[in-house]
Amino acid sequence: MDSLSFELPKSVSKFAGVSPEYLKIADNIIHQFIKTCSPRDMLSILCEALDSPNKTVKAAAYVSPLINGLTEVFLSLWRRHFEQIKVAVPVLVKVVKAISSEPDYEDAELETLFDRVVKNAECIQSVSMKLADGVNEKLQALLGLYVLQILALVSVSSTHLPFALRLACVLPDCGVSYLGLITGSDVDTMSRIVIGEDGDDYMSFSSHVHLGASLSVIWAQMYDEVAQAAKEDLSAVKTELQNNQMKRWQAIGMLKHIFSSVDLPWEFKRYAVDFLLCITSGDISNELDDEHNDCSLYMTSLFSALQAITTIIIYASDAVLRKKAFEALKRVLADIPNSQRFNIFKALITNSDSSSMVAILLDLIRGEMHKESTLRTSKVLEADNKACQNTLFWSTNILELVESVLRPVRGGPPVLQENGDAEKPTTLECCPRTICRRPIMNGSYLFERL
């Protein structure tokens with residue numbers, strides 16, 4: 001029986017896609033092996049079968065009975081639950097990631113697959129609740145990483161609300177909160193517990209964790225019942241982010257994973273922009289304090305987030321979304337201290353290949369200079385000009401920045417037609433249309449078009 005168990009699960013799984021009846025037969029055969037053989041051996045056998053899918057059949061149909069078998073194995077384990085489940089989870093994530101990224105699967109096939117991997121999560125949840133505190137903490141962290149990965153994968157469609165709801169029900173038993181997820185602190189904690197000494201060998205497993213953490217909150221932004229299932233108060237989370245600049249910067253850095261994803265539907269980006277506008281609402285520029293808030297720690301993530309927002313401004317087909325994204329861009333820039341804001345502007349302009357976006361950014365710089373000029377002549381600034389020097393946005397480097405835009409690398413006048421957007425039609429992978437941008441360097445016209 002043991003020798004037969006090495007090959008028969010693979011063989012019966014080949015026929016699982018023929019019909020629902022064949023799938024049930026494959027499930028029953030694998031179930032009998034699990035009842036007869038050692039759970040530890042069956043875990044290795046099923047993981048090996050998942051890791052080497054049959055090329056002659058559809059992968060989604062092939063892996064379904066094997067994934068269902070792992071659910072039963074998890075429940076049958078007697079000891080070393082964390083260590084053994086830790087071996088299986090990366091294999092599951094790898095398989096689901098590969099299948100969900102392929103475009104030729106029907107919705108029904110993916111839904112069957114997602115249903116079974118969500119059952120895996122629910123199974124691990126029930127196992128962790130039976131363990132002692134020390135082991136339970138490790139398994140809870142592993143479960144949290146797994147749930148976030150799967151949530152990122154099921155979000156290929158906003159119609160997968162039932163799966164998002166079921167995963168949201170699991171989150172409270174993972175020791176996480178929406179605030180910890182959207183700021184990334186809970187992700188870092190879970191990763192330290194699970195990855196431990198494995199380092200780079202296990203990092204590939206967590207490639208979608210930050211995206212899943214951001215999406216867990218955006219699903220709640222889209223549907224109130226998701227927040228209720230997770231036992232979270234989203235309004236309280238937003239209020240905390242509005243009042244705490246450091247956490248707000250962390251949240252902006254996490255949202256970049258949604259803005260830059262090419263696999264997510266535009267609907268998620270629309271709600272993510274709405275969430276960003278909410279947490280940056282109010283006169284946040286009055287809250288800035290260069291001495292106590294060290295933005296340099298978050299410069300990289302803030303820059304990446306701003307870059308991702310600019311792609312929405314350029315490529316989104318919805319005019320309302322483009323306008324909201326532009327407003328979000330201005331608010332995030334305003335949330336950055338003056339001492340760092342010019343460097344962010346410079347990096348955005350230097351790394352942009354869109355003349356239209358460069359024009360928009362230069363116009364924002366012009367607005368900053370105009371606002372600062374007004375402040376310089378005000379009575380308040382005149383009274384204590386020396387104390388305010390460190391907070392001013394203006395720098396002579398702005399002239400060098402403008403010169404770098406207008407003067408080509410080899411000198412001479414700017415060749416706008418050759419370097420403009422009209423010469424570079426771009427197809428965005430997440431939006432099935434080709435967008436040709438006109439070479440206009442006048443910011444006012446562009447703002448009318450946003």
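Trainee: Where is G175 located?
Mentor: G175 sits in the loop between α8 (161–170) and α9. Please keep in mind that this is a predicted model.

Trainee: Is G175 buried or exposed?
Mentor: G175 counts as exposed, because its relative accessibility is 61% and the cut-off for exposed is over 50%.

Trainee: And how far is G175 from Q140, C-alpha to C-alpha?
Mentor: Their C-alpha atoms are separated by 7.0 Å, although G175 and Q140 are 35 residues apart along the chain.

Trainee: Let me step back. How many helices and strands does the protein chain have?
Mentor: The protein chain has 25 helices and 2 strands. Of its 450 residues, 49% are buried.

Trainee: What share of the contacts comes from residues 24 or more positions apart?
Mentor: Among contacts in the protein chain with a separation of 6 or more, such residues account for 74%.

Trainee: Now the inside. How many residues are in the largest nonpolar core?
Mentor: That core has 140 residues, and F74 and Y178 are those with the most contacts inside it. Helix α7 (residues 133–154) gives the most to this core, with 13 residues.

Trainee: Which residues does Y178 touch, apart from its sequence neighbours?
Mentor: Leaving aside neighbours within four places in sequence, Y178 is in contact with several residues, among them S216, V217, A220, V226 and L234.

Trainee: Next, α15. How many residues does it have, and how far does it reach?
Mentor: Helix α15 (residues 245–259) has 15 residues and reaches 21 Å from its first C-alpha to its last, close to the 21 Å expected at 1.5 Å a residue.

Trainee: How many residues of α15 are buried?
Mentor: In α15, 11 of its 15 residues are buried, and the helix is mostly covered. The buried residues include R248, W249, G253 and F259.

Trainee: What covers them?
Mentor: The cover over the buried residues of α15 includes α9 (178–183), α12 (209–222), α14, α16, α17 and α18 (319–334).

Trainee: Which residue caps the N-terminal end of α15?
Mentor: N244 does: one of its side-chain oxygens lies 3.2 Å from the backbone nitrogen of M246.

Trainee: You mentioned α17. How many of its residues are buried?
Mentor: In α17, 13 of its 17 residues are buried. From first C-alpha to last, α17 reaches 24 Å, close to the 24 Å expected at 1.5 Å a residue.

Trainee: Where is T280?
Mentor: T280 is in the loop between α16 (266–279) and α17 (299–315).

Trainee: Why does T280 count as buried?
Mentor: T280 counts as buried because its relative accessible area is 2%, and buried means under 20%. The side chain of T280 reaches the backbone oxygen of L277 at 3.4 Å. Leaving aside neighbours within four places in sequence, T280 is in contact with R248 and R331.

Trainee: Changing topic: what is the phi of K231?
Mentor: K231 has a positive phi of about 60° although it is not a glycine. K231 lies in the loop between α13 (224–229) and α14 (234–243), and it is exposed, with a relative accessible area of 70%.

Trainee: And what is the phi of R80?
Mentor: Phi of R80 is near 50°, again a positive value in a residue other than glycine. R80 is in the loop between α4 (59–76) and α5 (81–100), and it is partly exposed, with a relative accessible area of 46%.

Trainee: Finally, how many salt bridges are there?
Mentor: A search of the whole structure finds 13 salt bridges. In one of them, the side chains of D51 and K94 meet at 3.3 Å, N to O. D51 lies in helix α3 (residues 39–51) and K94 in helix α5, so the pair ties together parts that are 43 residues apart in sequence.

Trainee: Where do D363 and R366 lie?
Mentor: Both lie in helix α20 (residues 355–376), 3 residues apart, about one turn of the helix. D363 is buried, with a relative accessible area of 19%, whereas R366 counts as partly exposed at 48%.

Conventions
Residues numbered from 1 in each chain as written. Predicted model: local features only at pLDDT ≥ 70, side-chain atom pairs only at ≥ 80, totals over all residues. Heavy atoms only, no water. Helix = DSSP H or I, 4+ residues; strand = E, 2+ residues; numbered from the N terminus. Buried < 20%, exposed > 50% of the residue type's maximum accessible area, 1.4 Å probe, protein only. Contact = heavy atoms within 4.5 Å. Polar contact = N/O pair within 3.5 Å; in protein donor to acceptor, adjacent residues only side chain to side chain. Core = buried A, V, L, I, M, F, W, Y, C linked by side-chain atoms within 4.5 Å. Expected span 1.5 Å × (residues − 1). Salt bridge = Lys/Arg side-chain N within 4 Å of Asp/Glu carboxyl O.
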